[in-house]
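Try each task on the structure first, then follow the solution.

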Amino acid sequence: SRLHWRLLVGTILVLMATAPLIGLTPRRLTPTWLRPPAIQENRVLADRPSWPKGLAGVHAFRKGADAYVADHFPLRPYLIGVLNRLRMLVGVSGSSRVIVGRNGWLFYDDDSHLGGARGFPLLLGPEVRSWLVTLAGRTEYARAHGATYLIVTPPSKETIYPQYGPAWYRGPGPQRATVLLPKLARETGAGEVLYLYPEVERATKAGQNTFSRHDTHWTSYGAYAGYVGLMNRLHAQGLTDGPRPLSDFQKAD
């Protein structure tokens with residue numbers, strides 16, 4: 001409609017008029033809420049196109065100019081920041097691989113919607129049997145060659161910080177594979193499986209930030225807690241000394 005185009009043109013004119021005012025204001029005088037947000041994009045922004053040398057190059061120049069203007073529009077960082085902020089507030093992610101949780105926490109989605117932590121889908125008898133047979137075979141092979149076979153499984157972020165998961169997430173399931181398989185391996189004698197959840201959970205309850213809000217991997221404190229669990233298990237098997245204390249390590253910025 002005519003009103004639609006008038007609003008669209010008017011909005012663009014306002015944005016174009018506002019952009020120079022923000023750009024000419026010294027950063028030290030610019031309010032924090034007016035400063036462009038830092039945006040990290042996993043691509044290279046379009047370069048300024050060169051002028052066409054003839055009619056044949058007009059079409060390519062037009063496409064290049066469109067891409068350049070779209071990537072370098074003066075208020076583009078602000079618009080992206082506002083859009084992403086609105087998405088976060090309503091719990092909508094801009095990526096199919098990211099789930100927005102509470103208080104701005106982000107979680108990785110492998111298309112199962114935190115299924116590994118929820119224990120969904122449940123492991124079936126044939127799957128469990130096949131896994132145990134494979135584990136037993138590898139354990140026997142390693143033992144025959146004078147080695148120890150140990151499977152180490154780290155906890156996922158959503159099992160350590162379930163309170164920051166999305167509203168529909170009810171917390172880690174008690175029958176998730178990372179809990180069930182170590183128990184079955186121990187009861188059947190098929191092999192050794194170490195789940196590092198208790199150590200990382202203990203460090204978290206002690207006040208250490210074992211995971212960050214926006215990353216899928218554990219922090220240095222989470223890694224140290226996992227290291228303690230691994231070294232304690234190896235020490236119990238007589239393979240090495242126990243873990244070194246946290247004071248022996250230097251914190252890196």
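**Exercise 1.** At what angle do the axes of H5 and H7 cross, and which residues make the contact?

*Solution.* Step 1: the axes of H5 and H7 cross at roughly 60° and come within 11 Å; axes are lines fitted to C-alpha atoms, for helices over the stretch in contact, and angles run from 0 to 180 degrees between N-to-C directions.
Step 1: H5 and H7 are therefore oblique to each other, as angles under 35 degrees count as roughly parallel, over 145 as roughly antiparallel, 65 to 115 as roughly perpendicular and the rest as oblique.
Step 2: Val128, Trp131, Leu132 and Leu135 of H5 meet Leu181, Leu184, Ala185 and Thr188 of H7, where contact means heavy atoms within 4.5 Å.

This is a predicted model: local features need pLDDT of at least 70, side-chain atom pairs count only at pLDDT 80 or more, and totals for chains, interfaces and linings use all residues. Residues are numbered from 1 along each chain as its sequence is written, and side-chain values use heavy atoms, leaving out hydrogens and water.

**Exercise 2.** Which residues of H5 are buried, and which are exposed?

*Solution.* Step 1: Val128, Leu132, Leu135, Thr139 and Ala142 are buried (under 20% relative accessible area; exposed is over 50%, partly exposed in between, with a 1.4 Å probe and protein chains only).

How values were computed: Helices (H or I, at least four residues) and strands (E, at least two) are DSSP runs, numbered from the N terminus.
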